[in-house]
Amino acid sequence: MRSSARAAAGTILTCRRHTVTAQTEVIFLLDVDNTLLDNDCITTDLDNYLQREFGQESRDRYWTIFESLRAELGYADYLGALQRYRLDDLTDPRMLSMSLFLSDYPFAQRLYPRALDVITHLAQWGPTVILSDGDVVFQPRKIHRSGLWQAVDGRVLVYIHKERMLDAVAQRYPARHYVMVDDKLRILAAMKTLWGERLTTVFPRQGHYALDPKNTSTYPAADMTVEHIGDLMDHDFSPLTRLP
């Protein structure tokens, strides 16, 4: 399949050499932003940086472009917003420093407490796979620099709309049962509608989406809710390996 056709299908990045070829009992699918990684904190750091280095007017213009682009694309594109911001003034050398701030950000310092331990804990019962939305450049870099890529042995999937790509997920990582851990009830509900009892949904109440009363009242509850991702260290998933 040509690269343009793959993009049209919605796949942004996968790691072919780590495909699971034989069906396993359980596979754990893990979101990144505000699930394993405190993305709200990263956004705050970026906002403070823009205010300090560029001033309020430029900061506000960047976020206006960012939100417009997110509405257009369906995912957060920090570098894409920067590229559009740059078009307003092609001679401004400060754009380079903003790019470096994003690409060199210490993402590993923003992992939620015990996030890596949770990945190791879940691996007792089945492979762990990163399943994230995002762009083709910044999101993979974030996953890699945070240490999450290494923690799941390169089993990384990044899509534009991951909830629409479940057939592709199942083909690449076949399993009898899946567990999806995500801070967005909208995503969990959409996946549950398609996979039904084949899926166990886990909702960590972290980040602004998870704590927004509008979201919690709009979508059905997940199969399991925890306050923090680290709380999964206390959970035994072995019953899932014995489901009929």
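## Close-up views of a predicted protein model

**View A. Val156 counts as buried, because its relative accessibility is 0%.** Here, buried means under 20% relative accessible area, exposed means over 50%, and partly exposed is in between, using a 1.4 Å probe and protein chains only. Val156 belongs to strand 4 (residues 156–159). Helices (H or I, at least four residues) and strands (E, at least two) are DSSP runs, numbered from the N terminus. Look for Ser132 as well: Val156 and Ser132 are 24 residues apart in sequence and 8.1 Å apart in space, C-alpha to C-alpha. This is a predicted model, so local features need pLDDT of at least 70 and side-chain atom pairs count only at pLDDT 80 or more, while totals for chains, interfaces and linings use all residues. Residues are numbered from 1 along each chain as its sequence is written, and side-chain values use heavy atoms, with hydrogens and water left out.

View B. The protein chain has 244 residues, and 48% of them are buried. Now take the contacts (heavy atoms within 4.5 Å) between residues at least 6 apart in sequence: 69% of these join residues at least 24 apart.

**View C. Pro204 sits in strand 6 (residues 199–204).** Pro204 counts as buried, because its relative accessibility is 0%. Pro204 and Thr35 are 169 residues apart in sequence, and their C-alpha atoms are 6.6 Å apart in space. Not counting residues up to four places away in sequence, Pro204 touches Thr35, Val181, Asp182, Asp183, Ala210, Val226 and Ile229.

**View D. Tyr173 is in the loop between helix 9 (166–172) and strand 5 (175–181).** Is Tyr173 buried or exposed? Tyr173 is buried, because its relative accessibility is 0%. Find Pro127 too: Tyr173 and Pro127 are 46 residues apart in sequence, yet 9.0 Å apart in space, C-alpha to C-alpha.

**View E. Helix 2 and helix 3 cross at roughly 140 degrees, and their axes come within 7 Å.** Axes are lines fitted to C-alpha atoms, for helices over the stretch in contact, and angles run from 0 to 180 degrees between N-to-C directions. Helix 2 and helix 3 are therefore oblique to each other; angles under 35 degrees count as roughly parallel, over 145 as roughly antiparallel, 65 to 115 as roughly perpendicular and the rest as oblique. On the helix 2 side you can pick out Thr43, Leu46, Asp47, Leu50, Gln51 and Phe54, which meet Gln56, Ser58, Arg59, Tyr62 and Trp63 in helix 3. The residues of this contact divide into 5 nonpolar, 4 polar and 2 charged. In these classes, Ala, Val, Leu, Ile, Met, Phe, Trp, Tyr, Cys and Pro count as nonpolar, Asp, Glu, Lys and Arg as charged, and the others, Gly among them, as polar.

**View F. Helix 4 (residues 78–86) and helix 5 (residues 94–103) cross at roughly 180 degrees, with axes that come within 11 Å.** Helix 4 and helix 5 are therefore roughly antiparallel to each other. Tyr78, Leu79, Leu82, Tyr85 and Arg86 of helix 4 make the contact with Met95, Met98, Ser99 and Leu102 of helix 5. By class, that contact has 7 nonpolar, 1 polar and 1 charged residues. Ser103 is also in helix 5, and Ser103 is buried, with a relative accessible area of 18%. Leaving aside its neighbours within four places in sequence, Ser103 is in contact with Arg141 and Arg145.

**View G. The largest pocket has a volume of about 650 Å³.** Of the 34 residues that line the largest pocket, Arg70, Tyr75, Ala76, Lys184 and Tyr209 are the closest to its centre. On a 1 Å grid over the protein atoms alone, a pocket is an open set of points where a 1.4 Å probe fits, with protein on both sides within 12 Å along at least five of seven lines; lining residues have an atom within 4 Å of a point. Grid points are joined across faces, edges and corners, and a volume is the space filled by probe spheres set on the points. Which helix gives the most to the lining of the largest pocket? Helix 3 does, with 4 residues. By class, the lining has 10 nonpolar, 10 polar and 14 charged residues.

**View H. Asn34 has a positive phi, near 65 degrees, in a residue other than glycine.** Asn34 lies in the loop between strand 2 (24–30) and helix 2. At 3% relative accessibility, Asn34 counts as buried.
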